[in-house]
Amino acid sequence: MLTSNEIQARLERVLPTVQKPGRYTGGELNQVVKDWDAVRTKVALVFPDIYDLGMSNLGLAILYDLLNQRQDVLAERAYAPWTDMEAAMRQNEIPLYSLETKHPLADFDIVGISLPYETLYTSTLNVLDLSRIPLFSAARGPQHPLIIAGGHSTFNPEPMHPFIDAFVIGEGEGAIGEIVDTVQTFKQRAKNGERGALLRELAKIWGVYVPSLYEVEYHEDGTFASVTKLFEEAPLPIDKRIEATLPPATTRFVVPYIDTVHNRAPIEIMRGCTRGCRFCHAGMITRPVRERSVDEVITAIEETIHYTGFEEIGLLSLSSSDYTHVVELVEKVHERFGDEHLSVSLPSLRIESVSVDLMDALKSGRKGGFTLAPEAATEKMRQIINKPVSTEQLLETAREIYTRGWTTIKLYFMIGHPSETLEDVQAIADLCKAVLQEGRKAIGGRAKVNAGVSTFVPKPHTPFQWVPCDSIEQIKAKQDLLKEQLRGRGLKLNWNDPHETQLEAWLSRGDRRLAEVVYQAWKRGAKFDAWGEHFNYPAWMEAFEDVGLDPAFYTHRQRPLDEVSPWEHLSTTIRKKFLTQDYLWSLEGRIRIDCREQCFACGILPTFAGLRRQNPGDVWQCPEVKNKRVQVIRENQVAVRT
Amino acid sequence: MRIKIAFSKTEAMRYTSHLDLQRTWERTLRRAQLPLAYSQGFNPHPKINLGAALPLGFTSDAEIIEVWLEEQAPLREIESALTPVLPPGLKVQDIQETERRVPKLQNLIQSTKYQVKLAESTPDLAERVADLLSKTSIIRQRRGKEYDLRPLILALENEEERHLQMHLRAQPGATGRPDEVLLALDIDPLSAHIHRSEIILEGE
């Protein structure tokens, strides 16, 4: 393997020949460079897509900050090179390297990969290959780094199980430190010790899933039968990891020199969501709702500006309107930063006129448009997906938005929800036109509506985990209808390629057998699946054929409620009974109200009763736990299920 | 108050484009908490103005940026506010106050000087230079357009076998590029390190 100096020297010649060389240099403000030889544990944090996207990933920014705060640890970054750079690297035999010190990834002790969505899987294999690290966990020896991964898609990590040594299920802040500690103790105890022993140690950490310590079986019809652990102390199920309260916000962000996708500083104001939209993966896996105080957020903004000079701050959450002190927060932001030419964005606002007041108070620019996400256009569909918004309220909010100076409204919808018909899709077109009509009344011909219509993919751990995904033909018919209807002045439509939707659908509810499909697809050239121009559908179809699996088995089957899901041993701590009931409610068109109004015992509180009791008050939106007896349920549950 | 900052651009910063450099300066000035003047309108922008664009990959210790401030401040204070917040690869060389009536920077630039180091020694470099300079016109194509490079070369000298000095015209519609000069000398620009050493303004 090349040394960091040799890599640096080869880069000198390569960089002037590639597009946007700034992606590959590092050296940005706030990057952390430590003395390589003086630090005990080296961690490479990888986003398996290009720099431009990866730099906006908040999860990795948090871990980078946390790890580098430790004196005995260094964390450096790496991203997937774009195709021109990959070709140049392969030609010049440059392995994938870290931006900070240009060390090959193979020289690190731990490589941590962020997997927020499934279309990164083939690029992950490509990253390992470019790093010259064996793709399969079983082929790695004591000289190779430990490969770990986390992120939303790892709540069903099975399609990636043979490639990753250990997954972190849930929140990574606490887990990463314990993983580092375990690696340190292990290396101290046994130089070049057996890798399996390390993995068995790691499996004892709360939230860590080591797939090689479990075995799965299938029924003859191909459905999932059971999971058995191969090591006594491995947990079953593997409960997700959470932080009892949100740790201090990261504020010393690395500031990119080149333009990136979300070129701003993200500050999380709240984690989790109480709304319970039935299609929403994030809403189910990030419970309970925990908030940061207004003062904490204001201080974080101040620090961020001081360290980075960013002109834009994004206040992040799954549903900003539900942040308890949102009005106070916006007032304080205005008071404190009103004169500083700082643009503050507050995404995911509810469809109500209060949201327009909030945006107005933030003095946000009008050029980006105002975004609303009704997701569905008929009463029936809104009840099915549990997102009750009335058309009347939407039109009233739209009117308010146009009157206050915005010329563009972006409307987000989803097609393909369970039991959706072409009439429901027609209603999306009608609703967009009705909104545009409001705009015309208010500001005339300048009014615009941009409709972003994505396609629903049934996600694991949600009440819709049993439903089939629309076929390519069904999706095309619905998109054709929209394309025909939503044209003309002031209307714009964006949609997703139905083939890409299928890929996401196979993988999100896949089992371990799909790993071979991922591998075969990568071998046939699949990578950058999320990039339309690179998505290689034929490679995937050939891979399925080769492995002898039917893609429709994963996507187009109504799964029986009593079928065991291949991801059930990975626990969000939401009970299957709750998900089943919620699914049955959706069939009746029955709404489940915001759970801040009433606790529906989804399963979070019994599991985390101890944590809740230690953190009383507003920091969680779940009710307080008084009954001491509840605390033991977690142990019982585990005992019963194992 | 209108100030002119001379700065160097090196290290990773040399792969930062003109537009991205503009944003990097905006953020640097914000970190320094200088009283920046902003344009009017719905999306106000800080009033700053970068001089001659430096092609990607070149280093320089002669770049210029103009900045408008809301209030008067001593130059020394401005410099001590900037120095600790500069990103790696940017270094302030000099700060001066400019008169408000002076035309914009871009309209003042006359010519630029470059130091070029070649990765491999070129034994007949002196001959190639002499040969090129003896021509009355050097017709070249750039982005599909034909132009004459010769009048854009104000001076071209070689010191040793692998070191060139260039002085090139830099006016709107008549800007000489050092990589074009290298190509005319039959040298691969990728094997050269190109460094801008001076920007010459009108009246200097």
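Select strands E1 and E3 of chain A: they pair in the parallel sense over four bridges. Click Val43(A); its bridge partner in E3(A) is Ile110(A). Keep in mind that this is a predicted model.

**The neighbour of E1**

Seven bridges join E1(A) to E2(A), and the two strands run parallel. For one pair to click, take Ala44(A), whose bridge partner in E2(A) is Glu76(A).

Is E1(A) mostly covered or mostly uncovered? Mostly covered: six of its seven residues are buried.

**The whole sheet**

Show the other strands of this sheet. It is an open sheet of six strands in chain A. Read across it and the order is E2-E1-E3-E4-E5-E6. The pairing is mixed.

Which strands lie at the edges? They are E2 (73-79) and E6 (208-209) of chain A. Each of these pairs on one side only.

Next, select residues 146-150 and 166-168 of chain A. These are strands E4 and E5. E4(A) and E5(A) pair in the parallel sense, over three bridges. Look for Ile148(A): its bridge partner in E5(A) is Ala166(A).

**A helix on the sheet**

Select residues 58-69 of chain A. This is helix H3(A), and it packs on the sheet. Which strands does H3(A) touch? It touches E1 (41-47), E2 and E3 (110-114) of chain A. Compare directions too: that of H3(A) makes about 155° with that of E2(A).

Move along chain A to helix H9 (residues 294-308) and helix H10 (residues 326-337). They pack at an angle of about 35°. Their axes are 10 Å apart. The crossing is right-handed.

Show the side chains at the contact. From H9(A), pick Val294(A), Val297(A), Ile298(A) and Ile301(A). From H10(A), pick Glu328(A), Leu329(A), Lys332(A), Arg336(A) and Phe337(A). Colour them by class: six are nonpolar, none is polar and three are charged.

**Where the chains meet**

Zoom out to see both chains. How many residues does each chain give to the contact? Chain B gives 22 and chain A gives 25. On the chain B side, 10 are nonpolar, six polar and six charged.

**Confidence**

Finish by colouring chain B by pLDDT. The chain averages 93, and 100% of its residues score at least 70. Confidence in chain B is lowest in helix H3 (residues 105-108), at a mean of 86. It is highest in helix H2 (residues 75-82) of chain B, at 97. The model as a whole scores ipTM 0.92 and pTM 0.95.

Notes:
Residues are numbered from 1 along each chain as its sequence is written. Chains are lettered from A and ligands numbered from 1 in the order in which they are written. This is a predicted model: local features need pLDDT of at least 70, side-chain atom pairs count only at pLDDT 80 or more; totals for chains, interfaces and linings use all residues. Axes are lines fitted to C-alpha atoms, for helices over the stretch in contact, and angles run from 0 to 180 degrees between N-to-C directions. A crossing is left-handed if the near helix is turned anticlockwise from the far one by less than a right angle, and right-handed if clockwise. Two residues are in contact if their C-beta atoms, placed from the backbone, lie within 7 Å. Ala, Val, Leu, Ile, Met, Phe, Trp, Tyr, Cys and Pro count as nonpolar, Asp, Glu, Lys and Arg as charged, and the others, Gly among them, as polar. pLDDT is the predictor's confidence in each residue, from 0 to 100. Two strands pair if DSSP finds at least two bridges between them. A residue is buried if 20 or more other C-beta atoms lie within 10 Å of its own, exposed if 12 or fewer, and partly exposed in between; C-beta atoms are placed from the backbone.
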